[in-house]
Amino acid sequence: HFPNPFAASGNPYTLQLEAYTLVDGQGTKVAQASLTINVIDGQTLSINISGDLESVIDRIVIEGPLTVQVNETVQMIGHARDASDTIILLPAGALTWSQVSGAEFGTIDSAGQFQGLSPGVARVRLEEPGAGVFAEANITVVSAPPSPPVYKLVFVRDELQNPEVYFMNSNGSGLLNLSNWSGLDEKPEFDATGSRVIYASTRDEGEWTDIYIINSSGTNRRRLTDSPGPDTDPSLSPDGSKYVFTSRRNGNSDLYIGDTAGLEQNITQITNNPATESNPVFSPDGNLVLFTSDSNGTRDLFVYDVNSQTVSPIITGPGEDYDGRFSPDGTKIVFTSDRDGNPEIYVYDINLMTTTRLTFSQSADERPAFTHDGLRIVFMSGRTGNKEVFIMNANGTAATNLTTNTNDDLDPHTPRLP
């Protein structure tokens, strides 16, 4: 607040200015200035103003994608950070993209749309115009692989608030409603060969879900659990004789293993703690169960050793890590994480102990699963406005929508064997 009129004896007056973005009511400071005001005399308001606008952007980060196929067009993702390494929210157009080199391999426009042209390396820049703050990255353009084979696919379609389990081939053929029930059907998974599907449904209890198994042709449905609490997240062992699932039958969300031979056959509890466990899956050799738990305060991925009956962490932050599944050879784990701010898909190499980000989307990408050949990954994404099932190469390129539909399509899965 300044006096009016200004008193010469109060010189100099200093005015601090700060510039903010406004996103959903939350302001983020992006620039600041200090203006010094000097009153020349006490009768006439004649002032000198000096000061420079200084950006608080400390550095710019290009996230990716860093691998693109020939003839593929992707939206590059990048952001600005301040000196405390906090992401700065900027209005559209505040940062601009440009080509540095390699235009014969791929080109980018100012909004960040990159198109792969031929195999090679293109270098791009993201900068704050006029500020001298920028980042550069190499984008590797690779040849497109041969046309993919046709994969078996099972997923949930939420049509008119009636989630149903569907079978479909990845080329869109053979669409079949497997569950045919007016209540809730969820979390379907194939057995190793794709001949059977295990899933959760309210078809007999009404209030909560139990576990069912059915042929992928839609025949021979059998109920596997009948408990006083919800049973869900089922997954079959490699030989199909056992299944692991999540249940609140004893009050807390814990993991159980049962036999597929009959109803409530040899059910054994394998975790028992106050944490919430979910989404268990067997390893390809059947010796481990990978699952999600919030025992550390946030969701992380753990493994249960079937032989030693011990639990160990395997992927722990930063952020929430969940929805993990093994690759067909058991050497990798594909999972969802929000460690970079948005739910995206990552792959963890168990032998190398390295993590690689695969998707770069403004919407959530979740529930990933490898195809039987390990060359591709199915997942669900909201990038088209509603949730759809997508397939992409195992390195994150060439994401393709498999279920173009006005309804939500969820929880995709493919069998481990051809």
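A residue is called buried when its relative accessible area is under 20%, exposed when it is over 50%, and partly exposed in between. The views below show close-ups of a predicted model.

**Figure 1. Strand β31 is mostly covered.** Strand β31 spans residues 332-337, and five of its six residues are buried. The strand pairs with β30 in the antiparallel sense over four bridges. Within this pairing, Arg325 stands opposite Val334 of β31. A hairpin is formed by β30 and β31, with five residues between them. In that turn, Gly330 has a positive phi of about 75°. Strand β31 is also joined to β32 (residues 344-349), and here six bridges link the antiparallel strands. Ser337 stands opposite Glu344 in β32. The hairpin of β31 and β32 has six residues between the strands, and Gly341 in its turn has a positive phi of about 110°. As background for this view, side chains in a regular strand alternate between the two faces of the sheet.

**Figure 2. Gly319 lies in the loop between β29 and β30.** Strand β29 covers residues 310-315. Leaving aside neighbours within four places in sequence, Gly319 is in contact with Thr298, Arg299, Asp300, Asp338 and Arg339. Gly319 and Ser337 are 18 residues apart in sequence, while their C-alpha atoms are 6.8 Å apart in space. Ser337 is the residue that stands opposite Glu344 in β32.

**Figure 3. The largest cavity holds about 310 Å³ of space.** Of the 24 residues that line this cavity, the closest to its centre are Glu189, Phe282, Phe326, His413 and Arg416. The elements that each give two or more residues to the lining are β18 (185-190), β22 (231-236), β26 (277-282), β30 (321-326) and β34 (365-370). By class, the lining has 12 nonpolar, eight polar and four charged residues. Such spaces can be found in a simple way: a probe the size of a water molecule, rolled over the atoms, shows where empty space is left.

**Figure 4. The second largest cavity has a volume of about 70 Å³.** Among the residues that line this cavity are Lys187, Glu189, Asp233, Pro234, Asn279, Asp323 and Arg325. The elements that give two or more residues to this lining are β18, β22, β26 and β30. By class, the lining has three nonpolar, two polar and six charged residues. The structure holds two cavities of 30 Å³ or more.

**Figure 5. An open sheet is formed by β18, β19, β20 and β21.** The four strands follow the order β18-β19-β20-β21, and their pairing is antiparallel. Strands β18 and β21 (222-223) stand at the edges, each with a single partner strand, so one side of each is left without a neighbour in the sheet. Two bridges join β20 (residues 210-215) to β21 in the antiparallel sense. In this pairing, Ile213 stands opposite Arg222 of β21.

**Figure 6. An open sheet is formed by β5, β8 and β9.** The three strands follow the order β5-β8-β9 with antiparallel pairing. Strands β5 and β9 (87-88) stand at the edges, and each has a single partner strand, so one side of each is left without a neighbour in the sheet. Five bridges join β5 to the antiparallel strand β8 (residues 77-81). The bridge partner of Arg59 in β8 is Arg81.

**Figure 7. The largest nonpolar core has 22 residues.** The residues with the most contacts inside this core are Ile60, Ile62, Met76, Trp97 and Phe114. Strands β5 (59-64), β13 (120-128) and β14 (133-142) each supply at least two residues of the core. The largest share, five residues, comes from β14. Leaving aside its neighbours within four places in sequence, Ile60 is in contact with residues including His79, Leu95, Leu126, Val133, Phe134 and Ala135. A second, separate core of 12 residues includes Val156, Tyr199, Tyr212 and Ile214.

Terms used: Residues are numbered from 1 along each chain as its sequence is written. This is a predicted model: local features need pLDDT of at least 70, side-chain atom pairs count only at pLDDT 80 or more; totals for chains, interfaces and linings use all residues. Side-chain values use heavy atoms; hydrogens and water are left out. On a 1 Å grid over the protein atoms alone, a cavity is a set of points where a 1.4 Å probe fits but cannot get out, and a pocket is an open set with protein on both sides within 12 Å along at least five of seven lines; lining residues have an atom within 4 Å of a point. Grid points are joined across faces, edges and corners, and a volume is the space filled by probe spheres set on the points. Ala, Val, Leu, Ile, Met, Phe, Trp, Tyr, Cys and Pro count as nonpolar, Asp, Glu, Lys and Arg as charged, and the others, Gly among them, as polar. Two strands pair if DSSP finds at least two bridges between them. Buried means under 20% relative accessible area, exposed over 50%, partly exposed in between (1.4 Å probe, protein chains only). A nonpolar core is a set of buried Ala, Val, Leu, Ile, Met, Phe, Trp, Tyr and Cys residues joined through side-chain atoms within 4.5 Å. Contact means heavy atoms within 4.5 Å.
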